[in-house]
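Work through the following exercises with the sequence and the structure open. Each task sentence is followed by a solution in steps.

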Amino acid sequence: LVPGDVVVAPAVRIDWAQMIAAEPTSAAAPPVEHLILDIGGVILPSAMPQIVAELAELSGKSEQQLWRFFNTRLFQPFWGGQMGLDEFWTVFTAPANVAGAPGRWQTEMTISMLQPLSDVALVRRWAEVVPVGILSNQRSEWVLPVFEREGLTELFDPLLISSATGLVKPDPRAFDQLGHLGSAPERVLYVDDRPPALRRAE
């Protein structure tokens, strides 16, 4: 797994019209038995692009330079939970020469960025009919308080967040965690806005 290969591909726009068309209407033998969702760009906006953009503006470095540093040095330990948030802020802001910048993006501010996307109502409708789970490269410290705040936590089972599991997509072992669902792969609908993760899920 080469971290730089993971997030360089642009995010894709989720086709919610197709999701609506596939939305189950009853619990009687639904064509989809499990719905598994990514978080960033699907349920919540992604915080990292906002952070990178602001850091680039403050530092004079390009977003591309900052993303390259993140992808090659920090992607795996940060999303995999081997690196704490305090260490991450220190390491990530140091090359940008932005003294004291970590305080600008402490957990509380990052959480405030994460307002549920408008299509969460559709996710709630799915959850009334089939189990809905999470498989996401994310930080539990960021997203779990948002789920609690918005009353979303009880919707999701399993709730597989990379910083807690230590398994980062598109590592096949991250997807192997879904083996206990008991459904044939063709009966699991997986939604992600990152093409490398979608290709691995197939």
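**Exercise 1. Determine how H3 passes H4, and which residues meet there.**

Step 1. H3 passes H4 in a right-handed crossing; a crossing is right-handed if the near helix is turned clockwise from the far one by less than a right angle, and left-handed if anticlockwise. Helices here are DSSP runs (H or I, at least four residues) and strands are DSSP runs too (E, at least two), numbered from the N terminus.

Step 2. The axes of helix H3 (residues 63-79) and helix H4 (residues 85-93) come within 11 Å and cross at roughly 160 degrees. Axes are lines fitted to C-alpha atoms, for helices over the stretch in contact, and angles run from 0 to 180 degrees between N-to-C directions.

Step 3. That angle makes H3 roughly antiparallel to H4. The classes are roughly parallel under 35 degrees, roughly antiparallel over 145, roughly perpendicular from 65 to 115, and oblique for the rest.

Step 4. On the H3 side, Leu66, Phe69, Phe70, Leu74 and Phe78 meet Leu85, Phe88, Val91 and Phe92 of H4. Contact means heavy atoms within 4.5 Å.

Step 5. Sorted by class, this contact of H3 with H4 has nine nonpolar, no polar and no charged residues. Ala, Val, Leu, Ile, Met, Phe, Trp, Tyr, Cys and Pro count as nonpolar, Asp, Glu, Lys and Arg as charged, and the others, Gly among them, as polar.

The model is predicted: local features need pLDDT of at least 70 and side-chain atom pairs count only at pLDDT 80 or more, while totals for chains, interfaces and linings use all residues. Residues are numbered from 1 along each chain as its sequence is written, and side-chain values use heavy atoms, with hydrogens and water left out.

**Exercise 2. Describe how H2 packs on H4 and on H3.**

Step 1. Two packed helices are described by the angle between their axes and the distance between the axes.

Step 2. For helix H2 (residues 47-59) and H4, the angle is about 40 degrees and the axes are 12 Å apart. H2 is therefore oblique to H4, and the crossing is right-handed.

Step 3. Met48, Ile51, Val52 and Leu55 in H2 meet Phe88, Trp89, Phe92 and Thr93 in H4. The contact of H2 with H4 has seven nonpolar residues, one polar and no charged.

Step 4. The axes of H2 and H3 come within 11 Å and cross at roughly 135 degrees, so these two helices are oblique to each other. Their crossing is right-handed.

Step 5. From H2, Met48, Pro49, Val52, Ala53, Leu55 and Ala56 meet Glu63, Leu66, Trp67, Phe70, Phe78 and Trp79 in H3. The contact of H2 with H3 divides into 11 nonpolar residues, no polar and one charged.

**Exercise 3. Is Ser136 buried or exposed, and what does Ser136 contact?**

Step 1. Ser136 is placed in strand E2 (residues 132-136).

Step 2. Its relative accessible area is 2%, so Ser136 is buried. Buried means under 20% relative accessible area, exposed over 50%, and partly exposed in between (1.4 Å probe, protein chains only).

Step 3. Leaving aside neighbours within four places in sequence, Ser136 is in contact with Asp38, Ile39, Gly40, Leu160, Ile161, Ser162 and Lys169.

Step 4. With Asp38, there is a polar contact between the two side chains (2.8 Å). A polar contact is a pair of N or O atoms within 3.5 Å; within protein, one must be able to donate a hydrogen and the other to accept it, and residues adjacent in sequence count only if both atoms are side-chain atoms.

**Exercise 4. Compare the exposure of Asn97 and Pro145.**

Step 1. Asn97, in the loop between H4 and helix H5 (107-113), counts as exposed at 68% relative accessibility.

Step 2. Pro145, in helix H7 (residues 140-150), is partly exposed, with a relative accessible area of 34%.
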